[in-house]
Amino acid sequence: MSAANGGAPAGMSAANGATSAGMSADGAPAGPADVSGAGMSADAGTAGAQPAPTGAPAGGGAQSRTADIVPGPGGVMTDEVGVVTGELTLRTEYADGRVALRVQYREADEWYAVTGAAAPLADPAGLDAVHAVAVGLLHRPEG
């Protein structure tokens, strides 16, 4: 809490509610960005480029995004084989109103479901946001 903003938590204004996480690369306040279909909003100016879409075009068909990751200590828990560690590829899949995460050892053939990483996603336009969050949470090359 801060006395400067009427006792509201950081990133909030007592006068108008939530604003942003207050982070930016250039020191200018970040503006909110709509992430339709993902059930969330994110600050504008997030680091990193959006992944190139693969699969069917937006509109409800099966789609996926992939990224190479190195998880931190403890690896990634999967349904099929337990914990996987080291250099992995993460795939975020959308089909039939649901999103799910899978991992594979880099350049391997087998994919494994990430434990607890499946959820409804009403709008496939939210796939990029879900993938970006998953990469941000799981890619921890420095530990």
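Thr 78 is buried in this predicted model, because its relative accessible area of 3% falls under the 20% cut-off. This threonine belongs to strand β7, which covers residues 76–78, in a chain that holds 1 helix and 11 strands.

**Thr 78 and its surroundings**
- The side chain of Thr 78 comes to 3.2 Å from the backbone nitrogen of Val 81, and a polar atom of the Thr 78 side chain also lies 2.7 Å from the backbone oxygen of Gly 82.
- When residues up to four places away in sequence are not counted, Thr 78 touches Val 84, Val 103, Tyr 112, Ala 113, Val 114 and Thr 115.

**Thr 92 in strand β9**
- Thr 92 sits in strand β9 and counts as buried, because its relative accessibility is 0% and the cut-off is under 20%.
- The side chain of Thr 92 is joined to that of His 131 by a polar contact of 2.6 Å.
- Apart from neighbours within four places in sequence, the residues in contact with Thr 92 include Gln 63, Ser 64 and Arg 65, as well as Val 99, Ala 100 and Leu 101; Leu 127, Val 130, His 131 and Ala 134 are also among them.

**Chain layout and strand pairing**
- Read from the N terminus, the elements follow the order β-β-β-β-β-β-β-β-β-β-β-α.
- Of the chain's 143 residues, 29% count as buried, and 41% of the contacts between residues at least 6 apart in sequence join residues at least 24 apart.
- Strand β6 (residues 63–69) is largely enclosed by the rest of the structure, because 5 of its 7 residues are buried.
- Strand β6 pairs with strand β9 (residues 88–95) in the antiparallel sense over 7 bridges, and within β9 it is Leu 88 that stands opposite Ile 69.
- Strands β10 and β11 are likewise paired in the antiparallel sense, over 5 bridges, with Ala 100 opposite Ala 118 in β11.
- The two strands β10 and β11 form a hairpin with 6 residues between them.

**The second largest pocket**
- The second largest pocket holds about 210 Å³ of space, and of the 13 residues that line this pocket, Leu 101, Gly 116, Ala 117, Val 130 and Ala 134 are the closest to its centre.
- Two or more lining residues come from each of β10 (98–105), β11 (112–120) and α1 (127–138).
- The lining of the second largest pocket divides into 12 nonpolar residues, 1 polar residue and no charged residues.
- Val 130 and Ala 134, which are among the residues closest to the centre of this pocket, are also among the contacts of Thr 92.

**Loop residues with positive phi**
- Asp 96 lies in the loop between β9 and β10, and has a positive phi of about 50 degrees although it is not a glycine.
- Asp 96 counts as exposed, because its relative accessibility of 75% is over the 50% cut-off.
- Glu 107 is found in the loop between β10 and β11, and its phi is near 65 degrees, a positive value in a residue other than glycine.
- Glu 107 is exposed as well, because its relative accessible area of 76% is over 50%.

Key
Residues numbered from 1 in each chain as written. Predicted model: local features only at pLDDT ≥ 70, side-chain atom pairs only at ≥ 80, totals over all residues. Heavy atoms only, no water. Helix = DSSP H or I, 4+ residues; strand = E, 2+ residues; numbered from the N terminus. Buried < 20%, exposed > 50% of the residue type's maximum accessible area, 1.4 Å probe, protein only. Polar contact = N/O pair within 3.5 Å; in protein donor to acceptor, adjacent residues only side chain to side chain. Contact = heavy atoms within 4.5 Å. 1 Å grid on protein atoms, 1.4 Å probe; cavity = no way out; pocket = protein on both sides within 12 Å on 5 of 7 lines; lining within 4 Å. Points joined across faces, edges and corners; volume = space filled by probe spheres on them. Nonpolar A, V, L, I, M, F, W, Y, C, P; charged D, E, K, R; others polar. Pairing = 2+ DSSP bridges.
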